[in-house]
Amino acid sequence: MDTLTERTPRVVSAVKLLRASERKKTGLFLAEGTNSVAEALHAGVAREVFFREDSADRNGVVLDLARTTGVPVHAITERAAKSLSDTVTPPGVVAVCRTVDVDVRVALAGTPQLVAVPVEVSEPGNAGTVIRVADAVGADSVILLGDAVDPHNGKCVRASAGSVFHLPIARERSVNVGLDALRAAGVTILATAADGDVDLDDADELLSRPTAWLFGNEAHGLAPAVAAAADHRVRIPIHGRAESLNLATAAAICLYASARAQRRSWHK
């Protein structure tokens with residue numbers, strides 16, 4: 001097997017996928033690290049895999065999986081590995097994958113019970129964490145509304161720990177179109193708000209319904225008009241001295257509370 005360098009056309013083409021414009025143009029993106037590459041292979045969206053020569057042993061299972069599924073595998077130099085990564089210490093294995101986002105209507109097909117809806121979320125690490133949490137609690141989908149981060153951003157993919165490959169993820173630039181789609185899907189729309197009219201501790205009956213949670217931008221939260229468009233505004237009680245919770249933490253608390261309430265209602 002020939003070892004590819006950072007100047008090899010195949011590597012050069014892959015490096016371009018670090019740019020959002022190239023991802024949009026080609027419908028491809030990069031997934032780094034053993035876990036993410038393995039999940040991409042299991043999902044059937046990996047097109048080719050690059051690995052640094054000195055990482056062959058620790059990534060042997062992933063490389064064997066790629067070969068078994070017929071995905072091309074290429075050895076690359078250390079400099080090529082660095083060029084394919086936006087991290088300080090590249091993990092040594094990266095896959096070129098088909099983008100995974102779907103239309104909102106696809107993400108809401110059937111009878112969704114729980115949907116995570118980050119609105120205008122700009123920090124890719126937060127978006128990836130919300131996707132990971134949604135996957136962990138068994139949510140049906142994640143819908144990014146407004147001018148939100150690209151879920152195929154490298155940091156977002158890493159923060160999701162492979163969850164971008166596990167559940168439908170949609171992007172809709174128009175917040176109003178997204179809200180209309182949620183209403184048409186028959187879910188109750190809840191918005192997190194520090195001054196909400198419903199306390200999360202007292203909301204089990206509400207949470208047991210098919211639900212979509214709106215989570216706002218890291219710096220500014222939900223726009224007043226968006227919060228007002230929700231069916232209910234829910235506050236997370238803070239019993240200590242913390243002033244507030246960050247986006248990812250609030251999402252984890254709310255999504256877990258909904259998943260627990262829904263499971264309890266199903267078992268009654």
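The exercises below go through a predicted model, each with a worked solution.

Residues are numbered from 1 along each chain as its sequence is written, and side-chain values use heavy atoms, with hydrogens and water left out. Since the model is predicted, local features need pLDDT of at least 70 and side-chain atom pairs count only at pLDDT 80 or more, while totals for chains, interfaces and linings use all residues.

**Exercise 1. Aromatic pairs**

Task: Find how many aromatic pairs the structure holds, and classify the pair of Phe29 and Phe165 by the angle between the ring planes.

Solution:

Step 1. Rings of Phe, Tyr and Trp (its six-membered ring) pair if their centres lie within 6.5 Å. The structure holds two such pairs.

Step 2. Planes under 30 degrees apart count as stacked, over 60 as edge-to-face and the rest as tilted. The ring centres of Phe29 and Phe165 are 6.0 Å apart and the planes stand at 20 degrees, so this pair is stacked.

Step 3. Now place the two residues. Helices (H or I, at least four residues) and strands (E, at least two) are DSSP runs, numbered from the N terminus. Phe29 is in strand E2 (residues 28-32), and Phe165 is in the loop between helix H8 (154-160) and strand E9 (169-172). The two are 136 residues apart, and the pair links distant parts of the chain.

Step 4. Buried means under 20% relative accessible area, exposed over 50%, and partly exposed in between (1.4 Å probe, protein chains only). Both Phe29 and Phe165 are buried.

Step 5. Trp213 and Phe215 also form a stacked pair, with 6.1 Å from centre to centre and 10 degrees between the planes. Trp213 counts as buried because its relative accessibility is 0%, and Phe215 counts as buried at 1%.

**Exercise 2. Helices H7 and H12**

Task: Describe how helix H7 (residues 124-137) packs against helix H12 (residues 247-266).

Solution:

Step 1. Two packed helices are described by the angle between their axes and the distance between the axes. Axes are lines fitted to C-alpha atoms, for helices over the stretch in contact, and angles run from 0 to 180 degrees between N-to-C directions. For H7 and H12 the angle is about 15 degrees and the axes are 9 Å apart.

Step 2. Angles under 35 degrees count as roughly parallel, over 145 as roughly antiparallel, 65 to 115 as roughly perpendicular and the rest as oblique. H7 is therefore roughly parallel to H12.

Step 3. A crossing is left-handed if the near helix is turned anticlockwise from the far one by less than a right angle, and right-handed if clockwise. H7 passes H12 in a right-handed crossing.

Step 4. Contact means heavy atoms within 4.5 Å. The residues in contact include Val130, Val133 and Val137 of H7, and Leu247, Leu255 and Arg263 of H12.

Step 5. Ala, Val, Leu, Ile, Met, Phe, Trp, Tyr, Cys and Pro count as nonpolar, Asp, Glu, Lys and Arg as charged, and the others, Gly among them, as polar. The contact of H7 with H12 has eleven nonpolar, two polar and one charged residues.

**Exercise 3. Helices H3 and H4**

Task: Repeat the description for helix H3 (residues 34-43) and helix H4 (residues 60-68).

Solution:

Step 1. The axes of H3 and H4 come within 10 Å and cross at roughly 20 degrees. The two helices are therefore roughly parallel to each other.

Step 2. H3 passes H4 in a left-handed crossing.

Step 3. From H3, the residues Thr34, Val37, Ala38, Leu41 and His42 meet Val62, Leu65 and Ala66 in H4. By class, the contact holds six nonpolar, two polar and no charged residues.

**Exercise 4. Single residues**

Task: State the place and exposure of Glu120, Ala31 and Gly70.

Solution:

Step 1. Glu120 is in the loop between strand E7 (114-118) and H7. Its phi is positive, about 60 degrees, although Glu120 is not a glycine. Glu120 counts as partly exposed because its relative accessibility is 32%.

Step 2. Ala31 lies in strand E2 and counts as buried at 0% relative accessibility. Leaving aside residues up to four places away in sequence, Ala31 touches several residues, among them Val37, Val157 and Phe165.

Step 3. Gly70 lies in the loop between H4 and strand E4 (73-76). At 58% relative accessibility, Gly70 counts as exposed. From Gly70 to Ala95 is 25 residues in sequence and 13 Å in space, C-alpha to C-alpha.
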